[in-house]
Amino acid sequence: MTITKGEPAAAPGAVQTAPDATAATRPERRSHVPADGSASAAAVEQARREMLHEGPRQRIKRTRIGADALMEALMLQGADTLFSYPGGVILPIYDILGDYPEIRHVLVRHEQGGGHAADGYARASGKVGVCMGTSGPGATNLVTAIGTAQLDSVPMVALTGNVPAALIGKDAFQEIDITGITLPMTKHNYLVRDADEIPRVVAEAFYLAKTGRPGPVHVDFTKDALQQETAAEHPTLEEVIAGLPGFRPTVEGHPKQLKMAAREIEQAKRPLILAGHGVLIAEAWDELQAFAEKTQIPVAWTLLGIGAIDETHPLAYGYMGMHGWKHVNRAIQSADLLIAIGMRFDDRVTGSVRTYAPYARIIHADVDPAEIGKNVAVEVPIVGDAKRVLEGLARLAHEVDPATRQPYFEQLAEWRRESEGSSWHGSGAWRDGLLSADYVIGRIGELTSHQATMVADVGQNQMWVARYAGFRRPNSHVSSGGLGTMGFALPAAMGAALGNPEAETWAIAGDGGFQMTSQELMTLAVDRIPVKIALLDNKKLGMIRQWQEIIYAGNYHSSHLPGPDFLKLAEAYGIPAFKATTTDEVDATIRAAQAVDGPALIWFEIAEEQNVLPMMPAGKGLSDLIETWGPEE
Amino acid sequence: MTADPSTEPAPAAHAAPPPARDLPGSGEGQRHVLVVLVLDRPGVLNRVASLMRARNFNIDSLAVSRTDREQVSRMTITLHGDAVRVEQAAKQLYKLVDVLKVQDVGATDQVVEHELVFVKVRATDQNRAEIIKVVELYKGRVVDIAPESVIVEATGTESEIDALVALLRAYGIKELVRTGAVVMLRGAGSIEEALKWEGPAR
Ligand SMILES: Cc1ncc(C[n+]2csc(CCOP(=O)(O)OP(=O)(O)O)c2C)c(N)n1
Ligand SMILES: [Mg+2]
């Protein structure tokens, strides 16, 4: 049988061989992490090339079992990387993994790291990320990563093993009702008890994960399903679709709705586009720019909409929401029309809905009908894929002469000058000459020519990345928005680096989040994944400290966070590390890290009490920003 | 140190401050009946129930049964909420891969709606005949007679059953079970026929 990447296979009968095949006749196992330049590395490369391009598939000298069907199915879906950690019930998979060198197995140090890596891989590449863990604790360790992918609509397939079917429900060793756990936090999930089901279920899982509004799909396999012999064939795409009669996402915006939207756009005097993650998922950045230019409407973006438009574009206005730019929130509060594309009016974006955008009519386009009207009532709902909707809107809308928007543009420019010119950010040294986090982020942006993939963690560091890095390329910004998962950056950057190897990849993490998943440093070292880590160490759970300072009257508790000597830590993992404590050390350390061929870490000792401002206190509205705090610098 | 919350001045074009934006789903609640056709796959009831719980919708009653189509089951969910909220419930249900069709029939009077009740009522030789008479007036019937009790069976709309139960309470209710409502559109129209699915491939 020949299996071609991404295409349905022919009948798998050819894989079946005489039952007398024994382990002794198996091809030699290959390590999945061969040393660079070694013979085994060359062999892996050769095998991969043969498999994916021209060469014939090596015959497997043994019967085909469920685990084989799984690996074939992954390859048919175009998966090339599997972030995983072994355990008893998935050992049948590990037993045959050596026969599939075309799939790069990355042995993570914690299943959560594997899950976030699959997530980062998906966000940076636009493809489906795949992670795997064993039953019980292996599976529950994946849960946080699955939840992260669910809330951010990331296409991911999470695989877990479970105890043999006969033991299910018996509280067997390492048995947990993991499909019960992931049921409310996946797009769909499966428990597979029969090897013959594996090809269909895996094909469905990938199709569901990436089609319509993407999301994680979890497939749990009983151990015996992985071990049974099977001749089950892989379904065609048509068969997959026919087997999912309840899944028919709407892609094309309704012409009547598009026409209504075009009319609204025509009449608006102060329109604003709100670009969300949907623009990036639909790869609609060109369509967004074309629509904005034709109609001369400025673009604001959500956290996950960063990169939907080049931030240096004249119509790119800025990042909105709780820690967004004041000028952007002002523009929303005074807009007469919001054109929301692929975003969901999350509470971090709207603040109090009652006072949100009080003068605006709203056009809301999303591929998920349930998002429309969920958080805010809208005048023109459009269900459809962002790309198609933007194309449709651009077609229907009339060309607008920028001169006619002059007063509006002048107002926006003035607000922007005022908000960007505030002395509360961009200052390099913060109080007492201490290193300012926003300065560090700005320099990383500059020195990577704004082309690197930047993976943020959660907390103040995440907001500084969103505000100050200056993004110009789609999918160059990766962040856990919906779930806000600390510990995301390092493992997700690991996946992002493999998902888009062309781009330099940076993980930007706070000292708190970094310490949640820092064990993946070893994965970076062993697999030589060239992630550069910028550790913004304020020796604090900075965002918690900020809330305690501003909202809880300075009643600090548990926000001071002693950490280890991060240079020694990195050294222990064999990762080159650098340290910067002053403004003038910043560029040199960034350059030094960039010069390392492989992973590297920079320990930035930043000011301990710098706040992210402005800030919209929870429950307040976009017009209630706290802009300054403490003594003026 | 004090906060300096800036208040956004209204643009000059608007004289009066605008009214507060509506919160979707905060309107007055009414009773709705959702008919949900689902694929009869493992866990589908769990998926529907879990979704309703997680999305904060309170189910008043839920009836599940097979249909005459292979692999298709039917759920009838009654719930309270304003129209937007119930529409949101329907949209969320549609996101379940095993859900084929959702129809809110609560707003129409174009349906027949019934549920079934069993009530075990305390009875004595003195009042047994009276109970039977009351029950017959409500088109119910007695399906079991014992020396100290009778089991009453009745079908009807939710409010008809409520009324009967209220009457029977005077005699003393030992036990009660209701199926929850099932509904069907009047006339030739069929929710099942509106399904765009031909059934499982053979
Ligand atoms: C797993 C997890 N636990 C707790 C939180 C709550 N939380 C949000 S930000 C934050 C502080 C983050 O501190 P650090 O990683 O040092 O970043 P900083 O804010 O200092 O940049 C915490 C605890 C979270 N988002 N995720
Ligand atoms: Mg910190």
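The side chain of A:Ser476 reaches the backbone oxygen of A:Arg473 at 2.6 Å. When residues up to four places away in sequence are not counted, A:Ser476 touches A:Ala452, A:Thr453, A:Met454 and A:Phe471.

A metal site is also present in the model. The magnesium ion (ligand 2) is coordinated by A:Asp511 through OD, by A:Asn538 through OD1 and by A:Lys540 through O. The distances for these donors run from 2.0 to 2.1 Å. Along the chain, the donors of the magnesium ion (ligand 2) follow the spacing D-x26-N-x1-K. Two of these residues were examined for accessibility. A:Asn538 has a relative accessible area of 4% and is therefore buried. A:Lys540, with a relative accessibility of 9%, likewise counts as buried. The list of donors may look incomplete because water is not among the atoms.

The contact between the two chains involves 45 residues from chain A and 36 residues from chain B. The area buried between chain B and chain A is about 3300 Å². Carbon and sulfur atoms give 54% of that area. One salt bridge is found across the interface of chain B and chain A. In this salt bridge the side chain of A:Asp368 meets that of B:Lys95, with an N to O distance of 2.6 Å. Nine residue pairs, both members at pLDDT 80 or more, are in polar contact across the interface of chain B and chain A. On the side of chain B that touches chain A, the elements giving two or more residues are helix H1 (44-54), helix H2 (83-95) and strand S4 (99-104) of chain B. The largest share of that side, six residues, comes from H2(B).

The confidence of the prediction was examined for chain A. The average pLDDT of chain A is 92, and 89% of the residues score at least 70. Over residues 7-24 of chain A, pLDDT stays under 50. For residues 7-24 the model has 34 contacts beyond four places in sequence. The pLDDT is also below 50 over residues 51-56 of chain A.

Terms used:
Residues are numbered from 1 along each chain as its sequence is written. Chains are lettered from A and ligands numbered from 1 in the order in which they are written. Side-chain values use heavy atoms; hydrogens and water are left out. Donors are N, O and S atoms within 2.8 Å of the metal (3.2 Å for Na, K and Ca); water is not among the atoms, so sites may look incomplete. Buried means under 20% relative accessible area, exposed over 50%, partly exposed in between (1.4 Å probe, protein chains only). A polar contact is a pair of N or O atoms within 3.5 Å; within protein, one must be able to donate a hydrogen and the other to accept it, and residues adjacent in sequence count only if both atoms are side-chain atoms. Contact means heavy atoms within 4.5 Å. pLDDT is the predictor's confidence in each residue, from 0 to 100. Buried area is the accessible area (1.4 Å probe) that two parts lose on being put together, summed over both. A salt bridge is a side-chain nitrogen of Lys or Arg within 4 Å of a carboxyl oxygen of Asp or Glu. Helices (H or I, at least four residues) and strands (E, at least two) are DSSP runs, numbered from the N terminus.
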